[in-house]
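Let's take a friendly walk through a model, from its strands to its ligand and its aromatic rings. Please keep the viewer open as you read.

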Amino acid sequence: MPACSGPSEAAVNEPALPKELERKIRERVATTPTYDIHTHLYDPALESLLLWGIDEQLTYHYLVAEAFRSIELPYEKYWALKKSEQAELVWRTLFEQRSPLSEATRGVITTLHALGLDPKKDGLPKIRRWFSEQKLGAFVTRVMELAHVHTFCMTNSPFDPEERPFWEKSFQRDPLFTAALRIDPLLIDWQGASKTLTEQGYAVNPTLDQKSLSEVRRFLADWSKKLNAKYVMVSLEPDFAYPAKSDIATLIDGAVLPHCLEHGLPFALMPGVVRQVNPALRLAGDGVGRADLSAYQNLIAAHPHHKFLVTALARENQHELCVMARKFRNLHVFGCWWFTNIPTAINDMTRMRLELLGPSFTPQHSDARVLDQVIYKWRHSRQILGDVLVEKYSDLFRVGWAVTDADLERDLRQLFGGSFETFLLANF
Ligand code: FIX
Ligand code: ZN
(Lines give C-alpha, C1' and ligand atoms only; values in the text may rest on other atoms or scores of the structure.)
(Ligands and ions follow the chains in the order given, each with its own letter.)
Protein backbone atom coordinates (compact mmCIF):
# COMPACT_ATOMS: atom_id res chain seq x y z
CA MET A 1 0.00 0.00 0.00
CA PRO A 2 1.78 3.19 -1.11
CA ALA A 3 2.28 5.71 1.70
CA CYS A 4 -0.39 8.49 1.66
CA SER A 5 1.21 11.78 0.77
CA GLY A 6 -0.73 15.02 0.07
CA PRO A 7 -3.02 15.49 -2.96
CA SER A 8 -2.77 12.80 -5.61
CA GLU A 9 -0.29 13.35 -8.43
CA ALA A 10 -3.19 13.85 -10.88
CA ALA A 11 -5.02 16.44 -8.73
CA VAL A 12 -1.92 18.51 -8.21
CA ASN A 13 -1.16 18.57 -11.92
CA GLU A 14 -4.75 19.05 -13.14
CA PRO A 15 -5.08 22.45 -14.91
CA ALA A 16 -6.73 25.25 -12.90
CA LEU A 17 -9.58 27.20 -14.53
CA PRO A 18 -8.23 29.10 -17.59
CA LYS A 19 -7.73 32.76 -16.72
CA GLU A 20 -10.13 33.91 -19.47
CA LEU A 21 -12.88 31.61 -18.11
CA GLU A 22 -12.28 32.87 -14.56
CA ARG A 23 -12.48 36.45 -15.80
CA LYS A 24 -15.73 35.70 -17.62
CA ILE A 25 -17.27 34.08 -14.51
CA ARG A 26 -16.41 37.10 -12.36
CA GLU A 27 -17.68 39.55 -14.98
CA ARG A 28 -20.99 37.69 -15.42
CA VAL A 29 -21.52 37.41 -11.65
CA ALA A 30 -20.80 41.12 -11.32
CA THR A 31 -23.33 42.10 -14.00
CA THR A 32 -26.14 39.50 -14.14
CA PRO A 33 -29.42 41.38 -13.55
CA THR A 34 -31.04 40.33 -10.27
CA TYR A 35 -34.40 40.34 -8.56
CA ASP A 36 -33.87 41.93 -5.14
CA ILE A 37 -36.45 39.80 -3.34
CA HIS A 38 -36.59 41.53 0.06
CA THR A 39 -36.11 45.27 0.61
CA HIS A 40 -37.60 48.09 2.65
CA LEU A 41 -37.66 50.37 -0.38
CA TYR A 42 -40.85 51.81 -1.77
CA ASP A 43 -42.34 52.57 -5.18
CA PRO A 44 -41.49 56.24 -5.82
CA ALA A 45 -45.26 56.87 -5.80
CA LEU A 46 -45.08 56.45 -2.03
CA GLU A 47 -43.08 59.70 -2.03
CA SER A 48 -41.10 60.33 1.16
CA LEU A 49 -41.37 56.69 2.26
CA LEU A 50 -38.66 55.91 -0.33
CA LEU A 51 -35.47 56.98 1.46
CA TRP A 52 -32.44 58.15 -0.55
CA GLY A 53 -29.46 60.53 -0.26
CA ILE A 54 -26.41 60.88 1.94
CA ASP A 55 -28.22 61.87 5.16
CA GLU A 56 -30.43 58.78 4.90
CA GLN A 57 -27.38 56.62 4.18
CA LEU A 58 -25.57 57.98 7.25
CA THR A 59 -28.55 57.63 9.59
CA TYR A 60 -29.24 54.02 8.46
CA HIS A 61 -29.79 52.06 11.65
CA TYR A 62 -26.72 49.87 11.06
CA LEU A 63 -24.53 53.02 11.24
CA VAL A 64 -26.44 54.50 14.17
CA ALA A 65 -25.73 51.37 16.22
CA GLU A 66 -22.05 51.49 15.25
CA ALA A 67 -21.73 55.23 15.94
CA PHE A 68 -23.20 54.93 19.42
CA ARG A 69 -20.30 52.65 20.32
CA SER A 70 -18.08 55.73 20.16
CA ILE A 71 -20.27 58.63 21.28
CA GLU A 72 -21.34 59.43 24.85
CA LEU A 73 -24.24 61.69 23.89
CA PRO A 74 -27.42 60.52 25.64
CA TYR A 75 -29.58 58.59 23.20
CA GLU A 76 -32.51 61.00 23.53
CA LYS A 77 -30.28 64.00 22.72
CA TYR A 78 -29.24 62.26 19.49
CA TRP A 79 -32.84 61.58 18.55
CA ALA A 80 -33.69 65.25 19.24
CA LEU A 81 -31.15 66.36 16.62
CA LYS A 82 -32.27 67.19 13.08
CA LYS A 83 -31.59 64.39 10.56
CA SER A 84 -28.76 66.44 9.03
CA GLU A 85 -27.18 66.91 12.48
CA GLN A 86 -27.51 63.17 13.18
CA ALA A 87 -25.82 62.47 9.83
CA GLU A 88 -22.99 64.91 10.58
CA LEU A 89 -22.36 63.24 13.95
CA VAL A 90 -22.25 59.78 12.33
CA TRP A 91 -19.98 61.10 9.57
CA ARG A 92 -17.51 62.62 12.07
CA THR A 93 -17.60 59.58 14.33
CA LEU A 94 -17.30 56.77 11.80
CA PHE A 95 -15.67 58.37 8.75
CA GLU A 96 -13.46 61.20 10.07
CA GLN A 97 -12.38 59.96 13.51
CA ARG A 98 -12.04 56.33 12.32
CA SER A 99 -11.57 54.39 9.10
CA PRO A 100 -14.80 52.94 7.60
CA LEU A 101 -13.72 49.37 8.18
CA SER A 102 -17.14 47.87 9.03
CA GLU A 103 -19.38 46.42 6.27
CA ALA A 104 -21.96 49.19 6.60
CA THR A 105 -19.45 52.06 6.68
CA ARG A 106 -17.44 50.56 3.81
CA GLY A 107 -20.78 50.33 2.01
CA VAL A 108 -21.19 54.10 2.11
CA ILE A 109 -17.75 54.51 0.54
CA THR A 110 -18.48 51.90 -2.15
CA THR A 111 -21.77 53.62 -2.96
CA LEU A 112 -20.34 57.14 -3.14
CA HIS A 113 -17.40 55.94 -5.24
CA ALA A 114 -19.77 54.18 -7.67
CA LEU A 115 -21.72 57.44 -7.99
CA GLY A 116 -18.51 59.25 -8.94
CA LEU A 117 -17.98 61.00 -5.60
CA ASP A 118 -14.79 61.07 -3.52
CA PRO A 119 -15.79 61.07 0.17
CA LYS A 120 -12.24 61.78 1.36
CA LYS A 121 -11.78 64.78 -0.95
CA ASP A 122 -15.34 66.05 -1.39
CA GLY A 123 -16.47 66.13 2.23
CA LEU A 124 -20.07 65.99 3.43
CA PRO A 125 -21.27 69.46 2.25
CA LYS A 126 -20.22 68.83 -1.37
CA ILE A 127 -21.71 65.33 -1.30
CA ARG A 128 -24.94 66.74 0.06
CA ARG A 129 -25.01 69.35 -2.74
CA TRP A 130 -24.53 66.59 -5.32
CA PHE A 131 -27.51 64.63 -4.01
CA SER A 132 -29.63 67.80 -3.91
CA GLU A 133 -29.10 68.12 -7.67
CA GLN A 134 -30.40 64.59 -8.42
CA LYS A 135 -33.93 63.87 -9.59
CA LEU A 136 -35.52 60.81 -7.95
CA GLY A 137 -36.71 59.07 -11.10
CA ALA A 138 -33.31 59.31 -12.80
CA PHE A 139 -31.59 58.33 -9.55
CA VAL A 140 -33.70 55.15 -9.24
CA THR A 141 -32.68 54.21 -12.77
CA ARG A 142 -29.01 54.97 -12.09
CA VAL A 143 -28.93 52.94 -8.87
CA MET A 144 -30.61 49.95 -10.55
CA GLU A 145 -28.13 50.13 -13.43
CA LEU A 146 -25.11 50.39 -11.09
CA ALA A 147 -26.37 47.52 -8.93
CA HIS A 148 -27.72 45.45 -11.86
CA VAL A 149 -31.09 45.07 -10.12
CA HIS A 150 -34.03 44.55 -12.49
CA THR A 151 -36.79 44.41 -9.88
CA PHE A 152 -37.22 45.20 -6.18
CA CYS A 153 -39.64 43.50 -3.83
CA MET A 154 -40.91 45.90 -1.18
CA THR A 155 -42.06 45.12 2.38
CA ASN A 156 -45.60 46.41 2.71
CA SER A 157 -47.52 46.54 5.96
CA PRO A 158 -51.26 47.22 6.39
CA PHE A 159 -50.27 48.05 9.98
CA ASP A 160 -48.05 50.97 8.98
CA PRO A 161 -50.12 54.14 9.41
CA GLU A 162 -47.85 56.09 7.05
CA GLU A 163 -48.02 53.50 4.24
CA ARG A 164 -51.62 52.30 4.52
CA PRO A 165 -53.28 55.49 3.12
CA PHE A 166 -51.33 55.19 -0.14
CA TRP A 167 -52.75 51.69 -0.76
CA GLU A 168 -56.25 52.63 0.30
CA LYS A 169 -56.45 55.44 -2.26
CA SER A 170 -54.46 53.26 -4.75
CA PHE A 171 -51.83 54.70 -7.10
CA GLN A 172 -50.14 54.07 -10.43
CA ARG A 173 -47.67 51.23 -9.65
CA ASP A 174 -44.09 51.14 -10.93
CA PRO A 175 -43.69 47.52 -12.16
CA LEU A 176 -40.05 47.56 -10.99
CA PHE A 177 -41.33 47.61 -7.38
CA THR A 178 -43.27 44.44 -6.57
CA ALA A 179 -44.88 43.98 -3.17
CA ALA A 180 -44.85 41.57 -0.22
CA LEU A 181 -47.51 41.49 2.48
CA ARG A 182 -45.83 41.92 5.89
CA ILE A 183 -47.92 40.72 8.83
CA ASP A 184 -45.73 40.79 11.95
CA PRO A 185 -48.23 42.66 14.21
CA LEU A 186 -51.01 40.23 13.22
CA LEU A 187 -49.05 37.25 14.51
CA ILE A 188 -46.97 38.63 17.35
CA ASP A 189 -49.55 41.00 18.83
CA TRP A 190 -53.00 39.61 18.02
CA GLN A 191 -54.66 41.60 20.82
CA GLY A 192 -53.39 44.87 19.29
CA ALA A 193 -53.82 43.75 15.70
CA SER A 194 -57.43 42.69 16.32
CA LYS A 195 -58.21 46.32 17.17
CA THR A 196 -56.58 47.51 13.92
CA LEU A 197 -58.55 44.96 11.90
CA THR A 198 -61.78 46.02 13.61
CA GLU A 199 -61.01 49.65 12.70
CA GLN A 200 -60.47 48.50 9.10
CA GLY A 201 -63.92 46.84 9.07
CA TYR A 202 -63.12 43.20 9.83
CA ALA A 203 -65.43 41.59 12.38
CA VAL A 204 -62.77 40.04 14.57
CA ASN A 205 -62.61 39.73 18.33
CA PRO A 206 -59.62 39.09 20.60
CA THR A 207 -60.64 35.46 21.15
CA LEU A 208 -59.52 33.66 18.00
CA ASP A 209 -62.82 31.96 17.21
CA GLN A 210 -63.67 30.61 13.75
CA LYS A 211 -65.45 33.82 12.76
CA SER A 212 -62.33 35.85 13.60
CA LEU A 213 -60.10 33.47 11.65
CA SER A 214 -62.29 33.74 8.55
CA GLU A 215 -62.23 37.53 8.89
CA VAL A 216 -58.44 37.42 9.15
CA ARG A 217 -58.42 35.41 5.92
CA ARG A 218 -60.59 38.09 4.30
CA PHE A 219 -58.13 40.73 5.55
CA LEU A 220 -55.19 38.77 4.06
CA ALA A 221 -57.05 38.26 0.78
CA ASP A 222 -58.01 41.94 0.51
CA TRP A 223 -54.44 43.15 1.13
CA SER A 224 -52.79 40.48 -1.01
CA LYS A 225 -55.01 41.65 -3.87
CA LYS A 226 -54.46 45.36 -3.14
CA LEU A 227 -50.67 44.83 -3.17
CA ASN A 228 -50.57 42.08 -5.77
CA ALA A 229 -48.33 40.48 -3.13
CA LYS A 230 -45.65 38.00 -4.23
CA TYR A 231 -45.50 36.40 -0.76
CA VAL A 232 -46.64 36.87 2.84
CA MET A 233 -43.85 37.56 5.36
CA VAL A 234 -43.22 37.58 9.10
CA SER A 235 -40.12 37.70 11.29
CA LEU A 236 -40.34 35.71 14.52
CA GLU A 237 -38.40 35.61 17.78
CA PRO A 238 -36.06 32.66 18.47
CA ASP A 239 -38.57 30.92 20.78
CA PHE A 240 -41.33 30.57 18.19
CA ALA A 241 -42.80 27.12 18.76
CA TYR A 242 -44.88 24.96 16.45
CA PRO A 243 -47.11 23.11 16.94
CA ALA A 244 -48.28 25.11 19.94
CA LYS A 245 -51.42 26.36 21.68
CA SER A 246 -50.59 29.98 20.85
CA ASP A 247 -52.20 32.86 18.97
CA ILE A 248 -49.34 32.68 16.42
CA ALA A 249 -49.85 28.97 15.72
CA THR A 250 -53.64 29.34 15.64
CA LEU A 251 -53.43 32.23 13.17
CA ILE A 252 -50.87 30.43 11.00
CA ASP A 253 -52.95 27.24 10.85
CA GLY A 254 -56.37 28.89 10.72
CA ALA A 255 -55.76 31.83 8.43
CA VAL A 256 -52.30 32.45 7.02
CA LEU A 257 -51.56 29.02 5.52
CA PRO A 258 -55.08 28.47 4.11
CA HIS A 259 -54.80 31.94 2.53
CA CYS A 260 -51.36 31.25 1.07
CA LEU A 261 -52.45 27.89 -0.35
CA GLU A 262 -55.61 29.36 -1.87
CA HIS A 263 -53.64 32.15 -3.56
CA GLY A 264 -50.48 30.14 -4.38
CA LEU A 265 -48.33 32.46 -2.22
CA PRO A 266 -45.22 31.43 -0.28
CA PHE A 267 -45.15 32.12 3.44
CA ALA A 268 -41.81 33.85 4.14
CA LEU A 269 -40.46 33.21 7.61
CA MET A 270 -37.52 35.04 9.17
CA PRO A 271 -36.52 33.43 12.48
CA GLY A 272 -34.14 34.82 15.09
CA VAL A 273 -34.85 38.48 15.69
CA VAL A 274 -34.85 39.53 19.35
CA ARG A 275 -36.84 42.75 19.24
CA GLN A 276 -35.66 45.88 21.08
CA VAL A 277 -32.85 44.50 23.21
CA ASN A 278 -31.88 48.15 23.53
CA PRO A 279 -35.04 50.25 23.00
CA ALA A 280 -33.01 53.48 23.29
CA LEU A 281 -31.54 52.65 19.85
CA ARG A 282 -35.05 52.49 18.35
CA LEU A 283 -34.91 50.77 14.90
CA ALA A 284 -31.25 49.95 15.63
CA GLY A 285 -32.20 48.28 18.91
CA ASP A 286 -33.06 44.77 17.69
CA GLY A 287 -30.76 41.85 18.45
CA VAL A 288 -30.32 38.23 17.39
CA GLY A 289 -30.89 34.83 18.97
CA ARG A 290 -30.34 31.28 17.79
CA ALA A 291 -33.81 30.11 16.78
CA ASP A 292 -35.33 26.74 17.55
CA LEU A 293 -35.63 25.63 13.92
CA SER A 294 -37.48 22.46 14.90
CA ALA A 295 -40.62 24.64 14.88
CA TYR A 296 -40.00 25.43 11.21
CA GLN A 297 -39.19 21.82 10.41
CA ASN A 298 -42.50 20.78 12.06
CA LEU A 299 -44.41 23.51 10.20
CA ILE A 300 -42.95 22.67 6.79
CA ALA A 301 -43.21 18.91 7.27
CA ALA A 302 -46.89 19.28 8.22
CA HIS A 303 -47.64 21.34 5.08
CA PRO A 304 -46.01 19.63 2.07
CA HIS A 305 -48.26 21.49 -0.41
CA HIS A 306 -47.44 24.96 0.94
CA LYS A 307 -44.40 27.02 -0.08
CA PHE A 308 -42.02 28.48 2.50
CA LEU A 309 -39.26 31.05 2.03
CA VAL A 310 -36.86 31.14 4.97
CA THR A 311 -33.82 33.18 5.93
CA ALA A 312 -32.40 32.88 9.46
CA LEU A 313 -30.78 35.70 11.39
CA ALA A 314 -28.35 33.72 13.55
CA ARG A 315 -25.14 32.44 12.00
CA GLU A 316 -25.57 29.35 14.20
CA ASN A 317 -28.79 28.41 12.39
CA GLN A 318 -27.41 28.37 8.87
CA HIS A 319 -26.20 24.76 8.53
CA GLU A 320 -29.37 23.36 10.10
CA LEU A 321 -31.47 25.45 7.68
CA CYS A 322 -29.52 24.13 4.69
CA VAL A 323 -30.03 20.52 5.79
CA MET A 324 -33.74 21.25 6.27
CA ALA A 325 -33.89 22.57 2.69
CA ARG A 326 -32.47 19.25 1.51
CA LYS A 327 -35.41 17.50 3.16
CA PHE A 328 -38.23 19.75 1.92
CA ARG A 329 -38.55 20.84 -1.72
CA ASN A 330 -41.23 23.33 -0.58
CA LEU A 331 -38.60 25.27 1.39
CA HIS A 332 -36.61 27.92 -0.48
CA VAL A 333 -33.65 29.40 1.42
CA PHE A 334 -32.72 32.98 0.67
CA GLY A 335 -30.34 35.79 1.55
CA CYS A 336 -27.70 36.62 4.11
CA TRP A 337 -30.01 38.59 6.34
CA TRP A 338 -29.02 41.66 8.43
CA PHE A 339 -26.33 40.56 10.92
CA THR A 340 -25.19 37.83 8.49
CA ASN A 341 -24.83 40.39 5.67
CA ILE A 342 -21.09 40.65 6.33
CA PRO A 343 -18.36 39.11 4.14
CA THR A 344 -17.38 36.53 6.79
CA ALA A 345 -20.89 35.10 6.98
CA ILE A 346 -21.81 35.59 3.30
CA ASN A 347 -18.72 33.65 2.25
CA ASP A 348 -19.40 30.83 4.72
CA MET A 349 -23.15 30.63 4.01
CA THR A 350 -22.88 30.83 0.21
CA ARG A 351 -20.20 28.14 0.09
CA MET A 352 -22.21 25.87 2.44
CA ARG A 353 -25.46 26.41 0.52
CA LEU A 354 -23.88 25.60 -2.85
CA GLU A 355 -22.23 22.53 -1.38
CA LEU A 356 -25.50 21.28 0.16
CA LEU A 357 -28.15 22.63 -2.23
CA GLY A 358 -26.49 23.33 -5.58
CA PRO A 359 -28.00 26.49 -7.18
CA SER A 360 -31.52 25.83 -5.77
CA PHE A 361 -31.51 28.82 -3.42
CA THR A 362 -31.30 32.61 -3.61
CA PRO A 363 -27.89 33.73 -2.27
CA GLN A 364 -28.74 37.31 -1.46
CA HIS A 365 -31.25 40.09 -1.04
CA SER A 366 -30.30 43.64 -0.09
CA ASP A 367 -32.74 44.37 2.73
CA ALA A 368 -32.03 47.97 1.71
CA ARG A 369 -33.84 50.74 3.52
CA VAL A 370 -32.10 53.50 1.56
CA LEU A 371 -32.13 53.34 -2.25
CA ASP A 372 -28.45 54.33 -2.63
CA GLN A 373 -27.21 51.44 -0.48
CA VAL A 374 -28.50 48.88 -2.99
CA ILE A 375 -25.30 49.65 -4.88
CA TYR A 376 -22.96 48.46 -2.13
CA LYS A 377 -25.13 45.64 -0.89
CA TRP A 378 -25.03 44.02 -4.30
CA ARG A 379 -21.44 44.91 -5.26
CA HIS A 380 -20.06 43.49 -2.04
CA SER A 381 -22.09 40.27 -2.27
CA ARG A 382 -21.41 39.75 -5.98
CA GLN A 383 -17.67 39.97 -5.25
CA ILE A 384 -17.95 37.11 -2.75
CA LEU A 385 -20.29 35.04 -4.92
CA GLY A 386 -17.80 35.44 -7.76
CA ASP A 387 -14.96 34.14 -5.58
CA VAL A 388 -17.02 31.16 -4.44
CA LEU A 389 -18.26 30.25 -7.93
CA VAL A 390 -14.76 30.49 -9.43
CA GLU A 391 -13.62 28.00 -6.80
CA LYS A 392 -16.58 25.66 -7.42
CA TYR A 393 -16.24 25.76 -11.22
CA SER A 394 -12.48 25.24 -10.79
CA ASP A 395 -13.13 22.13 -8.72
CA LEU A 396 -15.34 20.84 -11.56
CA PHE A 397 -12.79 21.80 -14.20
CA ARG A 398 -10.13 19.77 -12.43
CA VAL A 399 -12.26 16.65 -12.88
CA GLY A 400 -13.04 17.29 -16.52
CA TRP A 401 -16.30 19.28 -16.31
CA ALA A 402 -15.75 22.72 -17.91
CA VAL A 403 -18.56 25.25 -17.42
CA THR A 404 -19.84 26.60 -20.76
CA ASP A 405 -21.33 30.04 -21.48
CA ALA A 406 -24.79 28.47 -21.55
CA ASP A 407 -24.19 26.66 -18.23
CA LEU A 408 -22.99 29.88 -16.62
CA GLU A 409 -25.88 31.98 -17.93
CA ARG A 410 -28.41 29.36 -16.72
CA ASP A 411 -26.79 28.97 -13.28
CA LEU A 412 -26.56 32.71 -12.67
CA ARG A 413 -30.12 33.33 -13.87
CA GLN A 414 -31.26 30.84 -11.23
CA LEU A 415 -29.12 32.32 -8.46
CA PHE A 416 -30.09 35.94 -9.18
CA GLY A 417 -33.84 35.46 -8.80
CA GLY A 418 -34.72 32.77 -11.32
CA SER A 419 -35.01 30.01 -8.70
CA PHE A 420 -37.16 32.36 -6.61
CA GLU A 421 -39.51 33.11 -9.52
CA THR A 422 -39.75 29.40 -10.38
CA PHE A 423 -40.58 28.75 -6.71
CA LEU A 424 -43.35 31.38 -6.79
CA LEU A 425 -45.03 29.41 -9.60
CA ALA A 426 -44.39 25.93 -8.18
CA ASN A 427 -47.25 23.62 -7.13
CA PHE A 428 -46.26 20.85 -4.73
O1 FIX B 1 -37.60 42.13 9.67
C2 FIX B 1 -36.97 42.64 8.73
O3 FIX B 1 -37.42 42.75 7.56
C4 FIX B 1 -35.58 43.20 9.01
O5 FIX B 1 -34.82 43.14 7.83
C6 FIX B 1 -35.68 44.64 9.46
O7 FIX B 1 -36.59 44.70 10.55
C8 FIX B 1 -34.33 45.20 9.89
O9 FIX B 1 -34.53 46.44 10.55
C10 FIX B 1 -33.43 45.44 8.73
O11 FIX B 1 -33.65 46.35 7.96
C12 FIX B 1 -32.33 44.59 8.56
O13 FIX B 1 -31.57 44.67 7.57
ZN1 ZN C 1 -35.92 43.26 6.13
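Predicted model: local features only at pLDDT ≥ 70, side-chain atom pairs only at ≥ 80, totals over all residues.

Residues are numbered from 1 along each chain as its sequence is written, chains are lettered from A and ligands numbered from 1 in the order in which they are written, and side-chain values use heavy atoms, with hydrogens and water left out.

**Strands**

Helices (H or I, at least four residues) and strands (E, at least two) are DSSP runs, numbered from the N terminus. Two strands pair if DSSP finds at least two bridges between them. Strand 1 (residues 34–36) pairs with strand 2 in the parallel sense over 3 bridges, and threonine 34 has valine 149 of strand 2 as its bridge partner. Strand 2 (residues 149–153) is in turn joined to strand 3 by 2 bridges, and these two run parallel; here cysteine 153 is partnered with threonine 178 of strand 3. Strand 3 also pairs with strand 4 (residues 229–236), again in the parallel sense, over 3 bridges. In that pairing alanine 179 stands opposite alanine 229 of strand 4.

How well covered are these strands? Buried means under 20% relative accessible area, exposed over 50% and partly exposed in between (1.4 Å probe, protein chains only). In strand 3 (residues 177–182), 6 of the 6 residues are buried, so the strand is largely enclosed by the rest of the structure. In a regular strand the side chains alternate between the two faces of the sheet. Both faces of strand 3 are covered, with Phe177, Ala179 and Leu181 buried on one side and Thr178, Ala180 and Arg182 buried on the other.

**Ligand site**

| Side chain | Ligand atom | Distance |
|---|---|---|
| Histidine 40 | oxygen of ligand 1 | 3.0 Å |
| Arginine 182 | oxygen of ligand 1 | 2.6 Å |
| Tryptophan 337 | oxygen of ligand 1 | 2.9 Å |

Taken alone, ligand 1 exposes 330 Å², and the protein buries 94% of that.

**Rings**Rings of Phe, Tyr and Trp (its six-membered ring) pair if their centres lie within 6.5 Å, with planes under 30 degrees apart counted as stacked, over 60 as edge-to-face and the rest as tilted. The structure holds 20 aromatic pairs. One of them, phenylalanine 68 with tyrosine 78, is edge-to-face, at 5.2 Å centre to centre and 70° between the planes. Phenylalanine 68 lies in helix 4 (residues 61–68) and tyrosine 78 in helix 5 (residues 75–80), so the pair ties together parts that are 10 residues apart in sequence. Both phenylalanine 68 and tyrosine 78 are buried. Elsewhere, ring pairs link Trp52, Trp130, Phe131 and Phe139 into a cluster.

**An exposed lysine**

Is lysine 120 buried or exposed? Lysine 120, in helix 8 (residues 119–132), is exposed, with a relative accessible area of 83%.

Definitions and conventions. Polar contact = N/O pair within 3.5 Å; in protein donor to acceptor, adjacent residues only side chain to side chain. Areas by Shrake-Rupley, 256 points an atom, 1.4 Å probe, with all protein chains shown as cover.
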